[in-house]
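User: I would like to learn how to read salt bridges in a model. Could you walk me through it?

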Amino acid sequence: MKEPKIIAEIGCNHKGDIDIAKEMILTAAKYCKADIVKFQKRCNKELLTPEEYNAPHPNPHNSYGNTYGEHREFLEFTLEQHKQLQKWCEEYGIEYSTSVWDVTSAKEITSLKPSLIKVPSACNLNKNLLQYLCDNFEGEIHLSFGMTTKEEEESIVEFFEKNKRNMDLVIYSCTSGYPVPFEDICLLEITRLRERYSNRVKAIGFSGHHLGIAVDSAAVALGAEFIERHFTLDRTWKGTDHAASLEPDGVRKLVRDCKAVYKALSYKQIDILNIESVQRNKLKKNQIKW
């Protein structure tokens, strides 16, 4: 098992403000010590029907526009802005990545040549999207299994095997909810995915939408090599994802704990470790040897 990488998912928590996005990159890199930040890219008129685009937001309190389409457009960064985000990531020493929701967005983000692109749970059955990434993107393809049957999981992995891209594929255990109660996280799905797919894909990850950080360390102990959590500067901000996100101190502690668990996941290489020798000589010196 490799040391886990922690992904601070900014998504749309920047509220459509490039300066807030910059601050979030800097905070994730320097304060939280995360390995990767992740944004989102959508072509809303490709994703939404005209009726959906022009409908009111289902929760007006969280809306940044008069319609759902306007709301989504307000939160969308252009390709040029994503280029700037990528430059800031390089400057601050953290990896840039983005989830793509459609083929148009995949084409745009592929042109930036990031080391990884994410396919969200909502899009993992979009064969046109998956085919485009298999044919045109050379990096890792990360894909979440939220809202996905076991039969669909198998079909997705087989699709990547047929395209000879399965060893670039990272699959994530995920429950799609905001937030997810602990009893619905189903952490042992990580074990199931490892047993079924560890020899067929590059790695297994865990994408969490729960509260707190206790669960993520357990995910590392079960073998997750990528831990993805939503990240915000303020959980009270307007928007649908903030309440299920971690603030900077939460991400910092999560990184600390997950890395600590990884270091602890080992067997004793010798019967008596060097750190034990002093204590053994002190505490067992008068005991009869068996």
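Analyst: Gladly! A salt bridge is a side-chain nitrogen of Lys or Arg within 4 Å of a carboxyl oxygen of Asp or Glu. Keep in mind that this is a predicted model. Here, the side chains of Lys268 and Glu276 form such a pair, at 3.0 Å from N to O. Glu276 is partly exposed, with a relative accessible area of 28%.

User: How many salt bridges does the count come to by this rule?

Analyst: The count comes to 21 salt bridges. Another example joins Glu76 and Lys41, with 3.5 Å from N to O. This pair links distant parts of the chain, 35 residues apart: Glu76 sits in the loop between α4 (68-74) and α5 (79-92), while Lys41 belongs to strand β2 (residues 36-41).

User: Are Glu76 and Lys41 buried or exposed?

Analyst: Buried means under 20% relative accessible area. Glu76 counts as buried at 15%, and Lys41 is buried too, with a relative accessible area of 5%.

User: Which parts does the pair of Lys118 and Glu228 tie together?

Analyst: Their side chains meet in a salt bridge at 3.0 Å, N to O. Lys118 lies in strand β4 (residues 116-119) and Glu228 in strand β8 (residues 226-230), so the pair ties together parts that are 110 residues apart in sequence. Both Lys118 and Glu228 are buried.

User: Which residues are linked with Lys118 and Glu228 in a network of salt bridges?

Analyst: Glu9 and Lys38 are linked with Lys118 and Glu228 in that network.

Notes. Residues are numbered from 1 along each chain as its sequence is written. This is a predicted model: local features need pLDDT of at least 70, side-chain atom pairs count only at pLDDT 80 or more; totals for chains, interfaces and linings use all residues. Side-chain values use heavy atoms; hydrogens and water are left out. Helices (H or I, at least four residues) and strands (E, at least two) are DSSP runs, numbered from the N terminus. Buried means under 20% relative accessible area, exposed over 50%, partly exposed in between (1.4 Å probe, protein chains only).
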